Amino acid sequence: NNREARRKGIHEATVEPGPIVAGRYTLGVNYEKARRLDAAEIQYKAIERKYPQFVQAHDYLGNLYFSQNRYEQEAEQYGQLVAARTMDVRARFKKAVSLFYQNQREGAKQEFTTLARSLPENDPLAGKVQGYLGKL
């Protein structure tokens with residue numbers, strides 16, 4: 001636990017991030033539900049700052065920014081997520097959607113086309129990818 005780690009002289013960042021991240025994430029989700037989006041952003045950024053190896057924080061922030069139509073910031077977060085998880089098709093999909101909403105049609109088309117070629121037909125994202133391609 002964090003208190004015991006401090007007592008032993010261990011800095012918080014060296015403690016296993018699981019419970020700390022879970023707590024901040026839960027706070028962030030609750031703030032989002034209460035429409036206190038600025039407070040949710042603070043929690044997610046704290047995770048990102050204290051635990052840069054916990055790349056899921058980019059997903060949390062990207063989702064938050066998407067809900068606020070902050071597409072440039074969303075794209076930055078999803079770009080970092082894709083850089084950390086190059087084979088994660090869901091991260092690539094979110095990045096492509098972000099490009100679509102930023103009206104970056106060529107970049108979005110390239111991402112969606114790449115996804116369409118790599119996803120099995122029975123993947124739940126396949127239909128969504130085709131839907132976006134149809135809009136381009």
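**View 1. D88 is partly exposed, with a relative accessible area of 23%.** Partly exposed falls between buried (under 20% relative accessible area) and exposed (over 50%), using a 1.4 Å probe and protein chains only. The model is predicted: local features need pLDDT of at least 70, side-chain atom pairs count only at pLDDT 80 or more, and totals for chains, interfaces and linings use all residues. Residues are numbered from 1 along each chain as its sequence is written, and side-chain values use heavy atoms, with hydrogens and water left out. D88 sits in the loop between α5 (71-84) and α6 (89-101). Its side chain reaches the backbone nitrogen of R90 at 3.0 Å. A polar atom of the D88 side chain also lies 3.2 Å from the backbone nitrogen of A91.

View 2. Helices here are DSSP runs (H or I, at least four residues) and strands are E runs of at least two, numbered from the N terminus. The side chain of E111 makes a polar contact with the side chain of R92, at 3.1 Å. A polar contact is a pair of N or O atoms within 3.5 Å; within protein, one must be able to donate a hydrogen and the other to accept it, and residues adjacent in sequence count only if both atoms are side-chain atoms. Leave aside neighbours within four places in sequence, and E111 is in contact (heavy atoms within 4.5 Å) with R92, K95, A96 and L99.

**View 3. Helices α2 (residues 18-33) and α3 (residues 37-50) pack at an angle of about 160 degrees.** Their axes are 7 Å apart. That makes α2 roughly antiparallel to α3. Angles over 145 degrees count as roughly antiparallel, under 35 as roughly parallel, 65 to 115 as roughly perpendicular and the rest as oblique. Axes are lines fitted to C-alpha atoms, for helices over the stretch in contact, and angles run from 0 to 180 degrees between N-to-C directions. From α2, the contact uses V21, R24, Y25, L27, G28, V29, Y31 and E32. From α3 come L37, A39, A40, Q43, Y44, A46, I47 and K50. By class, this contact has 11 nonpolar, 2 polar and 3 charged residues. Nonpolar covers Ala, Val, Leu, Ile, Met, Phe, Trp, Tyr, Cys and Pro; charged covers Asp, Glu, Lys and Arg; the others, Gly among them, are polar.

**View 4. The axes of α7 and helix α8 (residues 124-135) cross at roughly 145 degrees.** They come within 9 Å. K109, F112, T113, L115 and A116 in α7 meet V129, Q130, Y132 and L133 in α8. By class, the contact has 6 nonpolar, 2 polar and 1 charged residues.

**View 5. R35 and N103 have positive phi values.** Most residues other than glycine have a negative phi. Phi of R35 is near 60 degrees. R35 lies in the loop between α2 and α3 and is exposed, with a relative accessible area of 59%. N103 has a phi of about 65 degrees, although it is not a glycine. N103 is found in the loop between α6 and α7. At 53% relative accessibility, N103 counts as exposed.

**View 6. The protein chain has 8 helices and 0 strands.** Buried residues make up 36% of its 136 residues.
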